[in-house]
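The stops below go from one selection to the next.

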Amino acid sequence: MPRESWVMLRQPGGPKGKMHLGWGGRLFLSRRNSSPRTAPLSLLVMAGSGGHTTEILRLLSSLSQSYSPRHYIFADSDKMSEDKIRTFEQKRAETFSNSQFTLNRIPRCREVRQSWSSSVLTTLYSILYSFPLTFRLKPDLILCNGPGTCVPVCISALLLEILVLKKVIIVYVESICRVETLSLSGKILYYFSDYFIVQWPALKTKYPKSIYLGRIV
């Protein structure tokens, strides 16, 4: 069976607004060399404080029911993301009665004002914690937009591929607030993500691998 390759596309001329991951939307996932996917696609979503969860939920609002189950991961010290996700999923269940999702917490890589030297150890610990979780969930696709917790999870996904256990597609969408420079997570995952999406032309100029789609949140 040929490996599935998923690519982010945008229909030109559409109004700015929601990011749509579904057939017929202005931004969607499609196979490059096969027929449209009909089986459910397991999606791992990285949430985070500082507006990351709000942005990622806006991106998810246009997802079809094919993207299920949705596995949310956020830092164990993040007190707000869980409430936002539960509210989002409750509203979604009104449209899709068979909506499925899970909530998962991992240790934060780096706390606010934590020294860079000690953050190396906490990041390694977060990676060790994330790998068995990622292995258990075995997502088809990871969608993230910049929280620090996405780095250990994406590294865990890369390890799955290196060990020939699972190929996980990583889609990184840089936050709308990043106009001229990437976030630290973006600078790291720019080299490892399958699709790296930016929302400002200046970033596309600096980072040619990126995909510029205009404002999508």
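Is Tyr191 buried or exposed? Select Tyr191: at 61% relative accessibility, this residue counts as exposed, where buried means under 20% relative accessible area, exposed over 50%, and partly exposed in between (1.4 Å probe, protein chains only).

Before the next stop, note that this is a predicted model, in which local features need pLDDT of at least 70, side-chain atom pairs count only at pLDDT 80 or more, and totals for chains, interfaces and linings use all residues. Residues are numbered from 1 along each chain as its sequence is written, and side-chain values use heavy atoms, with hydrogens and water left out.

Rings of Phe, Tyr and Trp (its six-membered ring) pair if their centres lie within 6.5 Å; planes under 30 degrees apart count as stacked, over 60 as edge-to-face and the rest as tilted. The ring centres of Tyr190 and Tyr191 are 5.2 Å apart and the planes are at 85 degrees, so this pair is edge-to-face.

Show Lys209 next. Its charged end sits over the ring of Tyr190, 5.5 Å from the ring centre (NZ of Lys or CZ of Arg within 6 Å of the ring centre and within 35 degrees of the ring normal).

Helices (H or I, at least four residues) and strands (E, at least two) are DSSP runs, numbered from the N terminus. An open sheet is formed by 7 strands in the order S5-S4-S3-S6-S7-S8-S9, with parallel pairing; two strands pair if DSSP finds at least two bridges between them. The edge strands, each pairing on one side only, are S5 (101-106) and S9 (211-212).

Select helix H1 (residues 52-60), which packs on the sheet and touches S3 (43-46), S4 (70-75), S6 (141-144) and S7 (169-173). Contact means heavy atoms within 4.5 Å.

Which residues cover the two faces of S6? Leu141 and Leu143 lie on one side, Ile142 and Cys144 on the other, and all are buried. Leu43 stands opposite Leu141, while Ile142 stands opposite Ile170 in S7.

Finish at Tyr72 in S4 and Phe101 in S5, 29 residues apart. Tyr72 is buried at 0% relative accessibility, whereas Phe101 is partly exposed at 30%.

Definitions and conventions:
Axes fitted to C-alpha atoms, helices over the stretch in contact; angles between N-to-C directions.
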